[in-house]
Amino acid sequence: MCGTCRAVLFAVVVVIAGCAAFVALLTTRLERMAAAVGVVGSALSAHALAFSGPAAAAVLLVSTVAMMAAVLGAVAVLEVDARPQRRLQFWKLGLLVPLVAVVVLVGEPLDGGTLVAGGRATAIAVLTLGVATVAVPLLVRRTQGGSPPNGDP
Amino acid sequence: MTSTALGLFLVGVALAILILRRSLLASAVGVGQGCLGLAHVAVGRGRVDLAVAIGVTGVAIVISLAAAAVAVHRRRGIDHVDELRELQG
């Protein structure tokens, strides 16, 4: 696999992980959290299949399926889906920005400093998360402010 | 490529989930994500055997937490039924 393909694949996995982090931190429903983690595990498995081999990919995929099957089974047994919806707390997204910055600072030296393309992809993900942290609450507030209080169109 | 950074990011998100949510099932999801991140770090550094160990441990912990959540829920339900019977005399 060429270097550009590797960089693109890694960027796709980083974006998927970032989006799944959004969902897992924002949603109030456990099945959506479990689904987000399942998507992350599948992306990690694809990444491991491309870079490390089928054995590593199988380990990650089997672990993901077993973990999420246990969680979704418990959710189905408890029927926690019937809980009322709470307000979304967008301030949780602010945790992601320093988190990603710390991870980049720690992860780059651990990987030997040879991963320029991956570092750029991570920097793009940091910028995307930062912009979305500001933009998503503004968009939602504007949308909610334009509709009547009872939700009728 | 930066498997360590990506894995550490997932571990950080898992820690955020564990801190922000206070239910056993959410903890199970967070532990699962953290173990996946650590397993990815191990895979990225060529330690598939370590990744297997982390994955098996994570699965065991997640199953235990899910079973504990179900047990607590059922116990509370039984307590609730007992309270109703006591109120009804």
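## Chain A

Chain A exposes about 8200 Å², and carbon and sulfur atoms supply 71% of that area. The structure described here is a predicted model. Buried residues account for 41% of the 153 residues in chain A.

The secondary structure of chain A consists of 5 helices and 0 strands, and the order along the sequence reads α-α-α-α-α. Where residues at least 6 apart in sequence are in contact within chain A, 71% of these contacts join residues at least 24 apart.

## Chain B

Chain B has 89 residues, of which 48% count as buried. Its secondary structure comes to 3 helices and 0 strands, with the pattern α-α-α along the sequence.

For contacts in chain B between residues at least 6 apart in sequence, the share that joins residues at least 24 apart is 55%.

In chain A, α2(A) contains 22 residues and reaches 31 Å from its first C-alpha to its last, close to the 32 Å expected at 1.5 Å a residue. Gly53(A) follows α2(A) and has a positive phi, near 125 degrees.

In chain B, α2(B) has 21 residues, which should span 30 Å at 1.5 Å a residue; the end C-alpha atoms of α2(B) are 30 Å apart, in agreement with that expectation. This helix is mostly covered, since 18 of the 21 residues of α2(B) are buried. Just after α2(B), Gly46(B) adopts a positive phi of about 80 degrees.

## The largest nonpolar core

The largest nonpolar core holds 52 residues, and those touching the most other members are Leu44(A), Met67(A), Val71(A), Leu6(B), Leu25(B) and Val62(B). At least two residues of this core come from each of α1 (3-26), α2 (30-51) and α3 of chain A, and likewise from each of α1, α2 (24-44) and α3 (48-88) of chain B. The largest share, 11 residues, is supplied by α3(A).

Val62(B) illustrates how the two chains meet in this region. Leaving aside neighbours within four places in sequence, Val62(B) is in contact with Met67(A), Ala70(A) and Val71(A) from chain A, and with Ala28(B), Val31(B) and Gly32(B) from chain B.

## A buried threonine in chain A

Thr64(A) lies in helix α3 of chain A, which covers residues 54-78. With a relative accessible area of 4%, Thr64(A) is buried, because this value falls under the 20% limit for a buried residue.

Apart from neighbours within four places in sequence, Thr64(A) is in contact with Val37(A), Gly38(A) and Gly41(A) in chain A, and with Leu36(B) in chain B.

## A nonpolar patch on chain B

Leu15(B), Leu18(B) and Ile19(B) make a nonpolar surface patch of about 290 Å². Among them, Leu18(B) belongs to helix α1 of chain B, which runs over residues 3-20.

Leu18(B) has a relative accessibility of 30% and therefore counts as partly exposed. In an α-helix there are 3.6 residues a turn, so residues three or four places apart point the same way.

Key
Residues numbered from 1 in each chain as written. Chains lettered and ligands numbered in written order. Predicted model: local features only at pLDDT ≥ 70, side-chain atom pairs only at ≥ 80, totals over all residues. Heavy atoms only, no water. Helix = DSSP H or I, 4+ residues; strand = E, 2+ residues; numbered from the N terminus. Buried < 20%, exposed > 50% of the residue type's maximum accessible area, 1.4 Å probe, protein only. Contact = heavy atoms within 4.5 Å. Patch = residues over 30% accessible without salt bridge, like charges linked within 9 Å, V, L, I, M, F, W, Y side chains within 5 Å. Areas by Shrake-Rupley, 256 points an atom, 1.4 Å probe, with all protein chains shown as cover. Salt bridge = Lys/Arg side-chain N within 4 Å of Asp/Glu carboxyl O. Core = buried A, V, L, I, M, F, W, Y, C linked by side-chain atoms within 4.5 Å. Expected span 1.5 Å × (residues − 1).
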